[in-house]
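Dear colleague,

Please find the structure we discussed below, with the sequence alongside. My notes on it follow.

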Amino acid sequence: MNARRRSQSIIPLVGTVVAVAVVAGGCVTTVSPTSVGSGGPTASPGDTGSSAACQVVPQSGLLRSNTLIGMALGSDGGSDRITFTFGPTAPGPTGGTGRLTAVTPPFTQAGSGLPVAVPGSRFVELHLDGMLIVDEAGSEVYQGETSVRPDMIAIRGIEETDAFEGVYNFIIGYDGNGCVGLSGDAVAGTLAITIGH
């Protein structure tokens, strides 16, 4: 068991949909609530109020699943990407929620209060609530990395700062003024954060 994680109880909650807002190309694009990644309706652009850098717009909504199982990194010509993968929904009375917001240091581990260094000049936090942390056999549900220092253009570091009582927190540090986007794919069961170069 990862030493950074605290002892858990089973917290099974049902997830249904995710509301996403995508910040892209200097414009804020809002996508109405829909199943994760179903493509959603056509979006309408708005003004971010900044020509120098994309502003991170808080984004939140219900998750399609409450079982986070993995994380993968990727990059293309225009952005770096963190893809979180979800498994089947565990039975329970309510839905899990997700929130992506801009944050500033200092960062600490939720259980110990110890400082957490995250490389980068700008930061966002992915907060997932109502998640299944440990299954009935006592095994951790999330099998992905908890501390990553990728050699990418924008993303400099990812740190899990909480995995307890239904909550996961990931701090993502990045460099540059690239736009931050959030999107989901219901078929693949993924939630992706993109950060422009």
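**Aromatic pairs**

The model contains 5 aromatic pairs, counted from the distances between ring centres. In one of them, Y142 and F170, the ring centres lie 5.7 Å apart and the planes meet at 70 degrees; because an angle over 60 degrees counts as edge-to-face, this pair is placed in that class. The two residues come from distant parts of the chain, 28 residues apart: Y142 sits in the loop between β10 (122–129) and β11, whereas F170 belongs to strand β13. Both Y142 and F170 are buried. They are also members of one aromatic cluster, formed by F84, Y142, Y168 and F170.

Please bear in mind throughout that this is a predicted model.

**Overall composition**

The protein chain has 15 strands and 0 helices. Of its 197 residues, 50% are buried. The accessible surface of the chain is about 8800 Å², and carbon and sulfur atoms account for 54% of that area.

**The six-stranded sheet**

An open sheet is built from 6 strands, arranged in the order β4-β7-β10-β13-β12-β11 with antiparallel pairing. Strands β4 (59–62) and β11 (147–148) stand at the edges; each has a single partner strand, so one side of each has no neighbour in the sheet. Strand β12 (residues 155–164) pairs with β13 in the antiparallel sense, over 8 bridges. Within this part of the sheet, D162 has N169 in β13 as its bridge partner.

**I172 in strand β13**

I172 is found in strand β13, which spans residues 167–174. Its relative accessible area is 0%, and because buried means under 20%, I172 is classed as buried. What is I172 in contact with, leaving aside its neighbours within four places in sequence? The residues are I82, V118, R122, F123, V124, I155, G157, I158, I193 and I195. The C-alpha atom of I172 is separated by 7.7 Å from that of R156, a residue 16 places away along the chain.

**Salt bridges**

How many salt bridges does the structure hold? There are 2.

One joins the side chains of E159 and R149, with an N to O distance of 2.5 Å.

With kind regards

Technical notes: Residues are numbered from 1 along each chain as its sequence is written. This is a predicted model: local features need pLDDT of at least 70, side-chain atom pairs count only at pLDDT 80 or more; totals for chains, interfaces and linings use all residues. Side-chain values use heavy atoms; hydrogens and water are left out. Helices (H or I, at least four residues) and strands (E, at least two) are DSSP runs, numbered from the N terminus. Buried means under 20% relative accessible area, exposed over 50%, partly exposed in between (1.4 Å probe, protein chains only). Contact means heavy atoms within 4.5 Å. Two strands pair if DSSP finds at least two bridges between them. A salt bridge is a side-chain nitrogen of Lys or Arg within 4 Å of a carboxyl oxygen of Asp or Glu. Accessible areas come from the Shrake-Rupley method with a 1.4 Å probe; for residues, only the protein chains shown count as cover. Rings of Phe, Tyr and Trp (its six-membered ring) pair if their centres lie within 6.5 Å; planes under 30 degrees apart count as stacked, over 60 as edge-to-face and the rest as tilted.
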